[in-house]
Amino acid sequence: MEVNKIRNELSIRGKNGIGFLQSAVIIWLIITAIFAQTIEINQKNIYMLYSTGLMFPLSVVISTFIKADWKLKNNPLGNIGVILNIAQIIYFPILIWGIIKSPGEAIMLFAIITGAHFFPYGWYYNAIPYYVMSPVICIVMMVLAMYVKERNLWLEPLTMAVLLSLLILWLYIDYRNKHSNISSPH
């Protein structure tokens, strides 16, 4: 089987990972609410970390609801998606460092880690939106962090939720195009 055909099958069956991204939007909105509170920054960062525990169960529920195959069994590249997702966790020492040494920068570090980990999904799902939005998210979050004051840190997770929503929209269009190409005879 040709590699691009396998990748397009992943894209269609998994709906470009949109279920996981929709879960991420919800989590980044929760983080926005956390950072809008008038509690100490260290508490906000701890609650931010706790909120990430919702990611997997929420992703499974949303993927089931939108009928996206998140397991991608019987595809030779199916397990790579899990590996790519776990790779994000390897960057968590950077986030922990930020929480300890520079608490006001931790949210930016988390957003950049999240955005950067999307890049290889461009290859995995054969989807250009990941290739474009990954660096866009990283750059926007870095620039935003240079200008946002600590009392307005909630703008960073809110911006992340908006950028993820744009990525979802673009990936949905990509998915629909691929789906219609296999549905209609050439």
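Predicted model: local features only at pLDDT ≥ 70, side-chain atom pairs only at ≥ 80, totals over all residues.
For sorting residues by class, Ala, Val, Leu, Ile, Met, Phe, Trp, Tyr, Cys and Pro go down as nonpolar, Asp, Glu, Lys and Arg as charged, and everything else, Gly included, as polar.

The largest pocket holds about 690 Å³ of space. Its lining is made up of 32 residues, and F20, M55, N85, H117 and Y121 are the ones closest to the pocket's centre. By class, the lining of this pocket splits into 19 nonpolar, eleven polar and two charged residues.

The top contributor is α5, which puts six residues into the lining.

Next up is a pair of helices, α3 (residues 41-51) and α6 (residues 92-101). Their axes come within 10 Å and cross at roughly 160 degrees. Angles over 145 degrees count as roughly antiparallel, so α3 is roughly antiparallel to α6. The crossing of α3 past α6 is left-handed.

As for who touches whom, α3 brings N42, N45, M48 and L49 to the contact, while α6 brings F92, L95, I96 and I99. Sorted by class, the residues of this contact between α3 and α6 come out as six nonpolar and two polar, with no charged ones.

How values were computed
Residues numbered from 1 in each chain as written. Heavy atoms only, no water. Axes fitted to C-alpha atoms, helices over the stretch in contact; angles between N-to-C directions. Helix = DSSP H or I, 4+ residues; strand = E, 2+ residues; numbered from the N terminus. Parallel < 35°, antiparallel > 145°, perpendicular 65-115°, else oblique. Left-handed = near helix turned anticlockwise from the far one by under 90°. Contact = heavy atoms within 4.5 Å. 1 Å grid on protein atoms, 1.4 Å probe; cavity = no way out; pocket = protein on both sides within 12 Å on 5 of 7 lines; lining within 4 Å. Points joined across faces, edges and corners; volume = space filled by probe spheres on them.
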